[in-house]
Amino acid sequence: MLEVILLSLVEKAAGGDGCGGCGDSCGGAAAATVCAPRTPVLACADALRKAGAKVETVMAASDQEIDAVLARFDGPARPDGLTWPDPDTTLRLVVASATDGQLRAVVRRLVRRYAPPPSKRPADLSMARTVPDLPPLAILPLDPGNTGDLAGQLGLPRTPEEVAAAVLTGPVRRLDLLRNDGGSVTLDGALLGGADDNGRAVPWRGRVEVDDALLTNGEEPVLACAVGNAGGYAEFDGFRLLTDGDPTDGRVEVAVAVPIVVKKRFKGTSVRIEVRRARGRAVSVLPREGDLQFLDDGVAGSTSRKRSWWTEPGAWAVYAG
């Protein structure tokens, strides 16, 4: 009998410290109110049971509780002592996510579990990767109307019944993953640069490199920088940043928006926005002036140090309809 785990993350209670936002850690969620599975989760579980699957629903309120679920996908012991996923498992995972940040929290823990340390890199790991093939998962959107989320961008099933069918009979679609030197992952994309109280972009300076291509040297103001794996953050403040988010091409797409002052004879000056783009294996961003604000899969953060992302081609996978 096929076994399916329906994993939900405890959402932040009003005024509490729950992990509903799911930044780089789900710790501290004990103060949140643990709620019952939401309606889409119950509907998906019913559809799976009607099809003959054995279903277990899990509400995780911490990294440790996520890890306990993921440990069930471990493969047999390897001679080198590494823990890798079992490619022959009949266990299936459905992640019920209210935000892309929640989905990222689960994939981040998968990477933490299965990525070998550099000193123990096995010979059977692809030279283009630092992690083995992660076990596939299904995405159950808890807000079916929000088609701008990652599931919507990828054209994945959205209703509980469609998700259940994909888990049972759908094909597996492997996708690229962005890892970063901050110890986390990016599924959709990141937007670097903050905004003022009126929502206007605040210029910042930083050096942005994609492989050997230099998009800005840190001497000129930048309005925004988008690091794209899929189609997130393709537009910013009314102009197009990314052109073709493709999470299956093994490359990251990067764009910077730079204001250019144009002098006009007898007419003073004007400002136009120049968007510079590049695609490659890796990108680095080095802020020049204090903390740089960013959104990564919808999760807010900041950095004053160099931050790098690199592509892991086909590292994670989803059940497609």
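Is L187 buried or exposed at 2% relative accessibility? L187 counts as buried at that value, where buried means under 20% relative accessible area, exposed over 50%, and partly exposed in between (1.4 Å probe, protein chains only).

**Before selecting anything**

The structure is a predicted model, in which local features need pLDDT of at least 70, side-chain atom pairs count only at pLDDT 80 or more, and totals for chains, interfaces and linings use all residues. Residues are numbered from 1 along each chain as its sequence is written, and side-chain values use heavy atoms, with hydrogens and water left out.

Colour the chain by pLDDT, the predictor's confidence in each residue, from 0 to 100. The average over the chain is 89, and 91% of the residues score at least 70. Next, select residues 13-34, where the pLDDT is below 50. Beyond near neighbours in sequence, this stretch has 46 contacts in the model, a contact being heavy atoms within 4.5 Å. Where pLDDT is low, the predicted coordinates should not be read in detail.

**Stop 1: L187 and its surroundings**

Select L187, in the loop between β6 (185-186) and β7 (189-192). Strands here are DSSP runs of E with at least two residues, helices are runs of H or I with at least four, and both are numbered from the N terminus. Leaving aside residues up to four places away in sequence, L187 touches L103, R104, V107, L150, L177, N229, A230, D297 and W316. Draw the C-alpha to C-alpha distance from L187 to L150: it is 8.0 Å, across 37 residues of sequence.

**Stop 2**

D297 sits in the loop between β16 (292-296) and β17 (299-303). Its phi is positive, about 55°, although D297 is not a glycine. At 5% relative accessibility, D297 counts as buried.

Then select Y233, in the loop between β10 (224-228) and β11 (235-236). Y233 also has a positive phi, near 60°, in a residue other than glycine.

**Stop 3: helices α2 and α3**

Show α2 (residues 63-70) and α3 (residues 100-114). Their axes come within 10 Å and cross at roughly 65°; axes are lines fitted to C-alpha atoms, for helices over the stretch in contact, with angles from 0 to 180 degrees between N-to-C directions. That angle makes α2 roughly perpendicular to α3 (under 35 degrees counts as roughly parallel, over 145 as roughly antiparallel, 65 to 115 as roughly perpendicular and the rest as oblique).

On the α2 side, display D63, I66, D67 and L70; on the α3 side, V106, R108, R109, L110, R113 and Y114. These contact residues divide into five nonpolar, no polar and five charged. In this scheme Ala, Val, Leu, Ile, Met, Phe, Trp, Tyr, Cys and Pro count as nonpolar, Asp, Glu, Lys and Arg as charged, and the others, Gly among them, as polar.

**Stop 4: helices α1 and α5**

Finally, show α1 (residues 39-50) and α5 (residues 160-169), whose axes come within 8 Å and cross at roughly 45°. This makes α1 oblique to α5. Display P40, A43, C44, A47 and L48 of α1 with P160, E161, V163, A164, V167 and L168 of α5, which make the contact. By class, the contact has ten nonpolar, no polar and one charged residues.

Within α1, centre on A43. A43 is partly exposed, with a relative accessible area of 23%. Not counting residues up to four places away in sequence, A43 touches P160 and E161. A43 and E161 are 118 residues apart in sequence and 7.3 Å apart in space, C-alpha to C-alpha.
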